[in-house]
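This report describes selected helix packing and side-chain contacts. The sequence and the structure are shown first.

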Amino acid sequence: EAEIRKLNTSLEGKVRARTQALERVQLEILERLSLAGERRDDDTGQHTLRVGYVSSLITQALGQSSQAVELIRMAARLHDVGKIGIPDKVLLKPGKLTGEEYDLLKQHTTIGAEMLAGSQSPLIRLAEEIALSHHERWDGGGYPRGLSGQKIPLSGRIVAVADVFDAICCSLFSLFLGACCT
């Protein structure tokens, strides 16, 4: 019986180590995917880091668990991963987009959600929800589904605030210092 307990303890340790290794690989893949999406229109990849960080601060301020805070910090980095599927002529266009181009750009939410759909991972499922809902608006004027109020997932609302906050801060930084914050 002591031998069986020793074997079980050894096996549990191996399972724990392999589970941790798989989690590290999953996080690395998430980071690389977020960087791939970010590199399409931000050479540094810092926007996704900032949005993830600010999203985690908001989640923490809302009194969510430390696990929820960490999960949204990582998942928020994939909010714009669907931009991978947007043509360069639209995504990288200097100046104002036409109505047709803007409609094409808005598809990054559904493209991102489709890329992440079907995962068993809570992290990837949250990233899917965020990718799809981070451009919805409280008044129902957002996209892609025109959700309003509390019909918008909390994660999408949090990341929307963090995304806009980052855009405003970067615009002000650029305006006052003549430099881009990316």
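Gly118 follows helix α6 and has a positive phi, near 90 degrees. The model is predicted, and local features need pLDDT of at least 70, side-chain atom pairs count only at pLDDT 80 or more, and totals for chains, interfaces and linings use all residues. Residues are numbered from 1 along each chain as its sequence is written, and side-chain values use heavy atoms, with hydrogens and water left out.

Helices are DSSP runs of H or I with at least four residues, numbered from the N terminus. Helix α6 spans residues 108–116, and its buried residues are His108, Thr109, Ile111, Gly112, Ala113 and Leu116. Here, buried means under 20% relative accessible area, exposed over 50%, and partly exposed in between, for a 1.4 Å probe and protein chains only. These buried residues of α6 pack against α1 (2–38), α5 (99–106) and α7 (122–133).

The loop between α3 (66–75) and α4 (88–91) contains Val81. Leaving aside neighbours within four places in sequence, Val81 is in contact with Leu33, Gly112, Met115 and Leu116, where contact means heavy atoms within 4.5 Å. Between Val81 and Ile111 the C-alpha to C-alpha distance is 8.1 Å, with 30 residues separating them in sequence.

The axes of α3 and α7 come within 9 Å and cross at roughly 60 degrees; α3 is therefore oblique to α7. Axes are lines fitted to C-alpha atoms, for helices over the stretch in contact, and angles run from 0 to 180 degrees between N-to-C directions. Angles under 35 degrees count as roughly parallel, over 145 as roughly antiparallel, 65 to 115 as roughly perpendicular and the rest as oblique. In this contact, Leu71, Ile72, Met74 and Ala75 of α3 meet Leu123, Leu126, Ala127 and Ile130 of α7.

His47 belongs to helix α2 (residues 46–61), and Asp166 to helix α8 (residues 154–177). Not counting residues up to four places away in sequence, Asp166 touches His47, Arg50 and Val51. The side chain of His47 makes polar contacts with the side chains of Asp163 and Asp166. A polar contact is a pair of N or O atoms within 3.5 Å; within protein, one must be able to donate a hydrogen and the other to accept it, and residues adjacent in sequence count only if both atoms are side-chain atoms.

| Residue | Relative accessible area |
|---|---|
| Val81 | 2% |
| Asp166 | 6% |
| His47 | 13% |

Note on methods. Helix = DSSP H or I, 4+ residues; strand = E, 2+ residues; numbered from the N terminus.
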